[in-house]
Amino acid sequence: MDIETYVDDPQRQELVKEVRKKIDELGIEYLYLQFVSITGRIMGKGIPADHWESVAKKGFQLVYGATVNLFLNRHGEYFGYGPEAAELVGIPDPETFMQLPWDKRVARMYCTLFRNREEKENPGGFLTADCRGNLRRLHQDFQKKHNGLQLRVGTEPEMMWLKKDEDGKPNGGYSEPYCYHIDQFESLRPVYMKVMEYSRRMGLDMIQGDHEDAPGQLELNWMYDDVLRNADRLTTYRQICAQVAREFNIIACFMTKPFMGVSASGCHHNMSLWRGGEDVFRRTGNDPDDLPGMRENYMYVSGGDNTFMPDGDDPQMPGKAGLAAIGGIVHHLRALTAVGSSTVNSYRRLWDTGFWAPIFADWGFQNRTTGLRVSAPGRFEYRSVDSMVNPYLMGSTILAAADDGIDNNLDPGQPEERNIYEAIAAGKDVKRLPMNLGEALQALEDDEVVQRGMPGEMYRLYSEYKRDEWERFNHTVTEWDVETYLNCLP
């Protein structure tokens, strides 16, 4: 069984012992054992720390439907799995042990999900509804296939800090919508400094931040890393923001477009493909030496051969392998949009013109009018992704598209250096990205390559959940409907 092989791995067993040492040394009383649903929600269970060894071996059980948030569709049926379905088994990954800085009695760990040991079909097998587990395995397969080629990612997580009214509803931004304005950045200093404090203590190597151009909108960045570790850090960052919002009695808003007329919250993915390199440990809020064997929390992958670096006369043009990967992403960009722009609200970002949101399936160098750009030598910025993204699904589907590009040497075409609107006016034929969730889901349905990044049951679950979301929107009378049509006839 996959589960037994995973549990009995000698290296993991040593880490289980080290977690016990840290539990005792730090006075940990409670553990959050968490995984991530298909929409990016953090799910799981909590256990008293004195049961650590038992749970580390046997895991915990939870209904399959937790991977799709245990929500009902618009017909009143549970997404993905009925009440007769078996229960998954969550096995904690000890290398992800981390004490919560806001309550040092509690620690958290990410988990890998498996089918139940007693199931008739594939007992104890890896659960393909586990987006995090899928990404780890798909990245391992990608590395084996392409001679160690590794995807490294850095994300730009924009989000908004909003005030509450007396009913707890949003009541404008915590700051004014002035982009890069230090005074507005300063107005949010108590908030972002607390986020920085917690982030550094939880292993995020924070490198820069700024005030963006929407009310209360900040972007705080950490060092890029292996695609899985970066996804874990974005998930951790969201948990940190939620905690800080509770402490300040404000709203940490990751909704893509809560206001029209100002920029939405994107989450650009800067990516590169590397061969070789070594793990570097950076001191953040804690010293990595305090967590022997659990240094993955602090790891930063450094050195090696970046295939996105230019290898010809053009100082901007990526190398051949990187260019082929870009070709795959450009070729599959419409389907990828269903993952990167994953909600009905995401497409408000694309329709509100004038705010640099990408709507064309093209690429360039320092060109923010295209969906993709080379933002610096050796780094490729995927722009068709926003703050609601599930980074594990995004990483998996980007790998699938890049794999197709490398396998088939797909040509992305010449980089567009003109403003894309001027290029179109001059006669260039450019495909638009999907402009609503329904169109994006159809593009995903038509793209078998991108679906490879959603193996097993994952594509079925994602499509079912998101099509229901689109249908719910179309089944709803909005305030706009009433304002526009209520009195249109005598």
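Author: In what follows, contact means heavy atoms within 4.5 Å. The structure discussed is a predicted model.

Reader: Which elements do the buried residues of α15 pack against?

Author: Helix α15 has 17 residues and reaches 24 Å from its first C-alpha to its last, close to the 24 Å expected at 1.5 Å a residue. Its buried residues are Met458, Tyr459, Leu461, Tyr462, Ser463, Tyr465, Lys466 and Asp468. The elements that these buried residues of α15 pack against are α4 (131-145), α9 (333-340), α11 (391-408), α13 and α14 (448-451).

Reader: Is α13 roughly parallel or antiparallel to α15?

Author: Helix α13 (residues 437-445) and helix α15 (residues 458-474) have axes 10 Å apart and pack at an angle of about 160 degrees. Since angles over 145 degrees count as roughly antiparallel, the orientation of α13 relative to α15 is roughly antiparallel.

Reader: How many nonpolar, polar and charged residues does the contact of α13 with α15 have?

Author: The crossing in which α13 passes α15 is left-handed. On the α13 side the contact is made by Leu437, Gly438, Leu441, Gln442, Leu444 and Glu445, and on the α15 side by Tyr459, Tyr462, Lys466, Arg467, Glu469 and Trp470. Sorted by class, the residues of this contact of α13 with α15 are six nonpolar, two polar and four charged.

Reader: How many of the residues of α9 are buried?

Author: Residues with under 20% relative accessible area count as buried, and in α9 these are Leu333, Ala335, Leu336, Thr337, Ala338, Val339 and Gly340. Helix α9 is therefore largely enclosed by the rest of the structure, the number of its eight residues that are buried being seven.

Reader: How do the residues of the contact of α4 with α11 divide into nonpolar, polar and charged?

Author: The crossing of α4 and α11 is left-handed. The contact draws on Cys131, Arg132, Asn134, Leu135, Leu138, His139, Phe142 and Lys145 of α4, together with Tyr392, Leu393, Gly395, Ser396, Leu399, Asp403, Ile406 and Asp407 of α11. Divided by class, the residues of the contact of α4 with α11 are eight nonpolar, four polar and four charged.

Reader: Which residues does Asp403 touch, not counting residues up to four places away in sequence?

Author: Asp403 has its place in helix α11. At 12% relative accessibility, Asp403 counts as buried. Leaving out residues up to four places away in sequence, Asp403 touches Phe142, Lys145 and His146.

Reader: Which residues of α4 and α7 make the contact?

Author: The axes of α4 and helix α7 (residues 227-248) come within 9 Å and cross at roughly 160 degrees, which makes α4 roughly antiparallel to α7. Helix α4 passes α7 in a right-handed crossing. The contact is made by Arg132, Leu135, Arg136 and His139 of α4 and, from α7, by Val227, Leu228, Ala231 and Asp232.

Reader: Is Asn122 buried, partly exposed or exposed?

Author: Most residues other than glycine have a negative phi. Asn122, found in the loop between β6 (106-114) and α4, has a positive phi of about 50 degrees although it is not a glycine. Its relative accessibility is 43%, so Asn122 counts as partly exposed.

Reader: What is the relative accessible area of Asn409?

Author: Asn409 lies in the loop between α11 and α12 (420-425), and it has a positive phi of about 50 degrees although it is not a glycine. Over 50% relative accessible area counts as exposed, and Asn409 is exposed because its relative accessible area is 59%.

Reader: Which residues does Glu119 touch, not counting residues up to four places away in sequence?

Author: Glu119 lies in the loop between β6 and α4 and counts as buried at 15% relative accessibility. Its C-alpha is separated by 45 Å from that of Pro358, 239 residues apart along the chain. Not counting residues up to four places away in sequence, Glu119 touches Tyr64, Ala86 and Glu87.

Reader: What is the relative accessible area of Thr256?

Author: Thr256 is in the loop between β12 (251-253) and β13 (267-275). Beyond residues up to four places away in sequence, Thr256 touches residues including Ala264, Thr343, Arg349 and Asp386. Thr256 is buried, and its relative accessible area is 0%.

Notes: Residues numbered from 1 in each chain as written. Predicted model: local features only at pLDDT ≥ 70, side-chain atom pairs only at ≥ 80, totals over all residues. Heavy atoms only, no water. Axes fitted to C-alpha atoms, helices over the stretch in contact; angles between N-to-C directions. Helix = DSSP H or I, 4+ residues; strand = E, 2+ residues; numbered from the N terminus. Parallel < 35°, antiparallel > 145°, perpendicular 65-115°, else oblique. Left-handed = near helix turned anticlockwise from the far one by under 90°. Nonpolar A, V, L, I, M, F, W, Y, C, P; charged D, E, K, R; others polar. Expected span 1.5 Å × (residues − 1). Buried < 20%, exposed > 50% of the residue type's maximum accessible area, 1.4 Å probe, protein only.
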